[in-house]
Structure formats: structure tokens, C-alpha cells
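This report describes a two-chain model. Please look over the sequence and the structure below before reading on.

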There are 2 protein chains.
Amino acid sequence: MEQPQLSIDIDRLMARIEALAALGSLDATEGTSGPDQKLGCCRLALTDEDKAGRDLVVTWMKDLGLNVATDGIGNVVATMPHSAGTWEPGTAPVMTGSHIDTVRTGGRYDGNLGVLAGLEVIETVQSAGIQLDRPLAVAFFTNEEGARFAPDMMGSLVYAGGMPLETALTVQGIDGAIVGEELERIGYAGAGPLPGQAPHAFIELHIEQGPVLESEGLQIGAVTGVQGISWNELTITGQSNHAGTTPMSMRHDAGYAAARVATFVRKLALEFGDPQVGTVGAIDLHPNLINVVAATATMTVDIRNTDEATLKLAEAHLGIFLEQLAHSEGVTIEVRSLARFEPVAFDPDVIDLVASAAHSQGLSVRRMPSGAGHDAQMMARLCPTAMIFTPSVGGISHNPAEHTDVDDLSAGANVLLSVLVQLASSTP
Amino acid sequence: MEQPQLSIDIDRLMARIEALAALGSLDATEGTSGPDQKLGCCRLALTDEDKAGRDLVVTWMKDLGLNVATDGIGNVVATMPHSAGTWEPGTAPVMTGSHIDTVRTGGRYDGNLGVLAGLEVIETVQSAGIQLDRPLAVAFFTNEEGARFAPDMMGSLVYAGGMPLETALTVQGIDGAIVGEELERIGYAGAGPLPGQAPHAFIELHIEQGPVLESEGLQIGAVTGVQGISWNELTITGQSNHAGTTPMSMRHDAGYAAARVATFVRKLALEFGDPQVGTVGAIDLHPNLINVVAATATMTVDIRNTDEATLKLAEAHLGIFLEQLAHSEGVTIEVRSLARFEPVAFDPDVIDLVASAAHSQGLSVRRMPSGAGHDAQMMARLCPTAMIFTPSVGGISHNPAEHTDVDDLSAGANVLLSVLVQLASSTP
């Protein structure tokens, strides 16, 4: 049953966000400009800064009397003890959580909000003396960002059984470090079993990292799933020629072919319609000179959709276009897949619960897919899962200027509170 | 009158090309690959290598008994002495020539051919005891390439009065060197008057540096003029956004706008038709990441036409397109002119002379514009001028792989011989 009068303590939550952000804090001038700068964070996974953040959060978990367990990939799950409730021993918890690692020029909310709001919800429930039928648990997963070690979402992927622990431990980072060695070094190579226990449900609060909620003046996103991602690198090989002396009909212009691909990707996204997106974010021409027809172009194509069949169709359309383009321009186009993730659909009941919790608190809400990847998409393999989004000012993230208004943080945490309490208040 | 039986000594010409190419010679592996590699050259203007090349050519000029004069910008003009002919003192010579500086990864024919073929023609005329009515002169002009000092065609531009000597002498190069200081250092700051004496006519033999002659199986190009050049740098400013979380309708994608410009430039060139050409050779996106909508794009647009009114129309079309694009995509586009040269039309009579000389030698010939700039376009300000092109294998130039078959070199030099002798054989 819902507890509408219950509310989180926003000052306590903000104090924890501040304290965690102080570890690995980043000068606001790095990576951004403008009057609205906030202090950023650099806590790359399994670095000394990450260890300091982990230690702080674990201290808070223990202060709340939670059972803290660390598994072999360094995921930390803090669960309400059996003594705190009326549930049977071994009852699967209702879990929330996210990650506390950041990108190199990260903000203070990405990931951290979900972990600290989970702690805040548990403290609120405990302080109010609410009796639940299932324990609550809050987790932080290792290396969600993938900024130091690939792949991203590593901890939750291993937790959900999507990657063997042994494989993850041998991954080498961009700085040469090995995951397993770094986990030992910082003291987070735990003994908890992997794959991890399936929770009763999983719900993650996260900033949107996009502009949709803010632009529509909404406070809460009830996240319906995570887009599938198809990343390809194209290498186009044409022929270098003098820009003045080579008639148009005799050119094999890799730069022109790259431009055609970029305009095709836009056309494809518009024709398929929302939520299809397509982006050419990187183009490198060679020799990249004003008066030389480019010999080669290397470029990336990022296409995403929430529906796997549609994403496959978009990939097929792109493939046909590239064949035609190579033929018409007399160039060769080599395609290399950089990443491919299928879309994830969240649980309709949990999504409904998020939307109704927001409504009942008088908050504006929309259902929306996530364009970015999150730990919740891995947990969705194990149990009914959804996410709650709060607005990102200007859609800015992975940037010290990342910001969410305190009212929106509070609203998001209160929706999380309501959903967790409801999910833990009745055993099926 | 024509001297059809007269012919240059191709072995002597090739020996001089070899000897000059040995100075500043470049390993064939630099800047190219393939089985057809030739030794390249690096003799950037006014370097020690350039001085060595100049000294060698001046020695050859003096060996032929020519009067060698160096002017204030280092142009060297070698003229048949008065004693060699029947002409009045002060009679304007019929001049040929080109340049001997190269780009950093240059070939052995670009420029050098025109200078050494000029020497070869004079030696042929002298050996045959031909009596001319005007002296022949052969020149090499300073810094045609512009690879070390801007602008290119500097020596001929100053010779023709298009740039004050004082301005040219203060130009600083990419390595910090000053033109005037470098001229003093290598001993080529001469006393000859500037602007220079107007020749009776000027004719330059040069490799095509493009693929047209080879692709049409022709041996000689009778060059009708030099294309006008319009170079602009565009800076497109959009907004950086997450490639997954930003709906297509909310994007201000500088990379997409750059691609639209590149496809427009191609469309413009095709609609205007030959000889209009248009090239986007350089594109730089920022931050240039696979999953980030580009915030800015810097790119170049190179458009050329032989007709000034048409070139202006093409520029106007581009300008209108950029305005519409900026509006539709919500980006700003800043345009900076990097270079603007009006087309140069060569002298119809001299062009006819080139074409008829080729025909009378049984050579295949076509009239064609030059897509690249040449010293002849500066000399055209002073006197009736034209150029002779010989084929470039694969259209390749500014590259150690630059190559012209020896039969074509011989044909080009013989056409030059015929044209120079005819121009010098009758005083008007």
C-alpha cells in the first residue's frame, strides 16, 4: 500500500551528494564554459578516487545498519537486515541503485543520484518505522561508464550473468591497468556469488542526460526501456586528386561520400520517425587539405531504436545505401561494427507504478525511452525493472556543467520512495 | 617561320632533369605507395636545397652564354646576348620559364620541366645556328609553390607588378624565416628592376597535374587560361548533444550541416557543368566523438571556374544556400575568404600557335583550361601568354609519384621549341 504522507529529506540527500562529489572533484573550468557551471567529478572506475567514493558510501550503508555484500566484480549491495522486517529469511529484496564511477569530465548526479537516493529512501523508511513485506536493497555497480575499462555497464552485466567474471577480471583499461588487479588493490574484490541473486524488482533513479523533460516542462520520466544501439565505423577509400585540375566526372571523392552518408543517416532517422535517432559524430578526412580531393574518410555512424526489428531494418537500409554509394562514386566502403546492443523493454507494471506514483504526488510525467545505457537494462534480465528520470538542465551530461534543479531531485527521490515502498509492501 | 625539322635533344633534357632532381631528392616511400614510384623532390623556396638548384641552373644558363639577371625577389632571367642575333638592342625577348621550387613532397617535373625545357630549346636553337629576330629568354620565378611562403606565385606576381617588392620581402614563412633575409642568405637578392621588363610574349611548358590528357589519350594541352579560384573556410557552430538522448527535431548538428554543404557543392558543380569544379577537401568536427552530436565544424570550400561571372554566380548560390541552411538547422555559419583569384584568359593567337605547332608535329592536342595556378597567369598581365601541358600519369602531382612519360616530355619540349622560334622569328 502507498504511503503518500512519507517524504524524503532533501537536505540530507543533497548533503550526501555534496560529500561524494567532493571526492575527485573537478574544476568547473574543465570541459565547459558558461555562467551556470557546477563542480564536476572525475572518479574513473577502480581508481583511488573511486575507492574513496566507495568507502564513503559503504560507511553510510553501514551507518544505516544494512548488510553490505561485495561480489567478485566489486558490485556492492546493501540490504535491510532480516531483523528490520517481517519477511522470511532469503526473501528477494526490492533493489534500487546505480553507479558511482564517472567519466573523466563528469558531473555529480550521473549515477550517484540513484545510489544516494536509494540510501535516502531506506533511511526515510527506517526513520518512519514503516514495516515492509520485503527488504529494500541499494546497490552500486562497478564501471558503469566504461570510461576506463570496456565494456560499460560491466558490473551489472556480470551481476546479471551476461559476462563471465573471469572474462571481466582480465579486461585491460586505457591506462594498461587490469580490472582484477585494480579490484584487489582497492580492496573491492569481494566473495559474493555471481551471477547475483535475482531481486524481486529493480528500479533505478537517474538523470535524463537529454533535453526532453526540460523542453516539455515535465518533472518525471517513466522510462519504458533502453534503446538498442548500433555503432559502426566506416572507412571510405577513394582517390586523392587535385581540386582544380580534376573534372567532377573523374573524381572518387571519399569526403563527398562521407557527406552523403551523413545526410543519409539524417534522412533515415526522419523517415523512420521518433524514437529512431541517427548520428554521424566523427569524420576524419585524409589528407584534409583545401585543394585536394580526399583520398580516405573514416567516420562513425550511431543509430538507435527502442525496437529491435526496426533497428535491424535501419541497419539494412544503411547497408544498401552504402553499397549503392560505393558503386556510384567508385569508392570502397569498409564497415566495422564497434558495438551492438539490442533494445531493452522494461516491465509494464513497474513502469505503470512509476507513472502512477508521480501522478499521485502531483508531478507531471511522461513515458519515454532511455537513449543512453544504464545498469537497469542489465538488471532487467533478472527481474521486473524500470527507471525514473529527472530532468537535465540543457540536456547536458558527462560534463561538469551537468545539473538538475533541487526540486526535481527531490521529486525523483520521492517517486523512488513511493515505488520502492509499494513494491516491498505486498508479497505476491 | 617554322622550323619543322628542328628537334630538341631529349637525352640532354632528361639528364638535366635528373641532375636537378638529385638536389633535395626525396625517398620514394615518402607520401606515396605503389609499384610506379619515382624519386621525388623537396626544394622549398629559398632553402639551402633551393639555392643548390638555383646555382646548378644558373651554371647551365651561363654555360650557354646567356645573360643572367637576378631581380630583387630572386627571379632569374637568362636572355640570349645581343651578339647572338640580329635584333636591335633592348628588343623585348620571347620568354619561357617556370619555377624550380617544390612542395615538401614534390615530384621532379612540376615547374622544373618548364625551366629545363626552355634551356634545352635555347641550346637547340644555338646548336642549329638558327637566326631569330628576337632574343629568347628563360626564367625561373621565386616561390611559385607557396609551400613555405604565402602567397604562391610570389616571384612572377612581383615581376608583373601585382605586389610591391617591399611587401614580398617582409613575408614570414611557416618556419618563421623572412623572404628578404632568406634571399640575402642564399645570395639571390638581385638588383634587376621590378616590375620586370615586359616580354614580347610568354609561353610556359608544364605538366598538367590532372588526369584529362591521359584519360583522353592526348599528348598536348593548349592551355586557354587559368581558372578563377574562390577559397572559403566555413565555421559552423551548432550544439553538442548526446547522440542517444537528443531527438532529431531538437538537434543543431554542425556535422550534419557540414555534410549538407559538401553535398551542395557537388550539386552546384554538376548543375553549372564543366569547367565548374567544387571541392570540400577538409572537414574538422568537434568533439568528433561517435556518440556526441558535433558542436562545431570547420571546413573548406574550393570552387573554380574559367569565367569570372559564372564563378561569382556560383559564390552567390553558395551564399544563399548557407543562409538557408543556418536557418533550417539552427546553426551559425561564419565564412572567411582564404583566397580569391579571378580567372585568367590567355592570348588567343598564342593558344592557336600552340595548337597548330602540335598539329604540325603530328601530336594530338586539345584546348583546355588550367585548374591550377601558374607563373604564366601573372605574366599574362604583361604580354601575350599561353601554356603547353603534357600529360600527368594518373593525374598525380605534388607527390613523389608524379610522372610524365619521356615521349610526352619530348613532345612538349618540341612544341615549346616550335612556338618560341615562331614567336621570335618575326618582329611585328
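The text below goes through the domains, the chain contact, the helix packing and selected residues of this predicted model.

**Domains of chain A**

Chain A is divided into two parts: domain 1 covers 10-226 + 345-424, and domain 2 covers 228-341. Taken over C-alpha atoms, the centres of domain 1 and domain 2 of chain A are separated by 36 Å. Four residues from domain 1 of chain A and five residues from domain 2 of chain A make the contact. On the side of domain 1 of chain A that touches domain 2 of chain A there are one nonpolar, three polar and no charged residues.

**Contact between the chains**

Between the two chains, 49 residues of chain A are in contact with 49 residues of chain B. On the side of chain A that touches chain B, the elements giving two or more residues are α7, β10 (241-242), α8 (254-272), β11 (277-279), β12 (283-286), β13 (292-293) and β14 (296-305) of chain A. Of these, α8(A) gives the most, with nine residues. By class, this side of chain A has 24 nonpolar, 19 polar and six charged residues.

Gly210(A) is one residue with contacts to chain B. Gly210(A) sits in the loop between β7 (201-207) and α7 (212-216) of chain A. Leaving aside neighbours within four places in sequence, Gly210(A) is in contact with Gly371(A), Ser392(A) and Gly395(A), and also with His242(B), Thr245(B) and Thr246(B). Gly210(A) counts as buried because 26 C-beta neighbours lie inside 10 Å, the cut-off being 20 or more. Along the chain, Gly210(A) and Val393(A) are 183 residues apart, while 8.4 Å separate their C-alpha atoms.

Two packed helices are described by the angle between their axes and the distance between the axes.

The crossing of α3(B) and α12(B) is right-handed. From α3(B), the contact takes Leu113(B), Ala117(B), Glu120(B), Val121(B), Thr124(B) and Val125(B); from α12(B), it takes Leu409(B), Gly412(B), Ala413(B), Leu416(B), Leu417(B), Leu420(B) and Val421(B). By class, this contact has 10 nonpolar, two polar and one charged residues.

The crossing of α10(B) with α12(B) is right-handed. Here Leu353(B), Val354(B), Ala357(B) and Ala358(B) in α10(B) meet Val415(B), Ser418(B), Val419(B) and Gln422(B) in α12(B). The residues of this contact divide into six nonpolar, two polar and no charged.

Val115(A) lies in helix α3 (residues 112-128) of chain A. Val115(A) is buried because 29 other C-beta atoms lie within 10 Å. Not counting residues up to four places away in sequence, Val115(A) touches Val57(A), Gly97(A), Ser98(A), Ile100(A), Val138(A) and Phe140(A). One of these, Ile100(A), is 15 residues from Val115(A) in sequence and 7.4 Å away in space, C-alpha to C-alpha.

**Backbone features in loops**

In chain A, a cis peptide bond joins Ala150(A) and Pro151(A), with omega about 0°. Pro151(A) belongs to the loop between β6 (136-140) and α4 (154-159) of chain A. A cis peptide bond also joins Leu194(A) and Pro195(A), with omega about -5°. Pro195(A) is in the loop between α6 (179-186) and β7 of chain A.

In chain B, Gln209(B) is not a glycine but has a positive phi of about 65°. Gln209(B) lies in the loop between β7 (201-207) and α7 (212-215) of chain B, and is buried, with 25 other C-beta atoms within 10 Å. His398(B), a residue other than glycine, has a positive phi near 55°. His398(B) is placed in the loop between β18 (385-390) and α12 of chain B. With 24 other C-beta atoms within 10 Å, His398(B) is buried.

Conventions. Residues numbered from 1 in each chain as written. Chains lettered and ligands numbered in written order. Predicted model: local features only at pLDDT ≥ 70, side-chain atom pairs only at ≥ 80, totals over all residues. Helix = DSSP H or I, 4+ residues; strand = E, 2+ residues; numbered from the N terminus. Buried ≥ 20, exposed ≤ 12 C-beta atoms within 10 Å, placed from the backbone. Contact = placed C-beta atoms within 7 Å. Domains from an automatic or database assignment. Nonpolar A, V, L, I, M, F, W, Y, C, P; charged D, E, K, R; others polar. Left-handed = near helix turned anticlockwise from the far one by under 90°.
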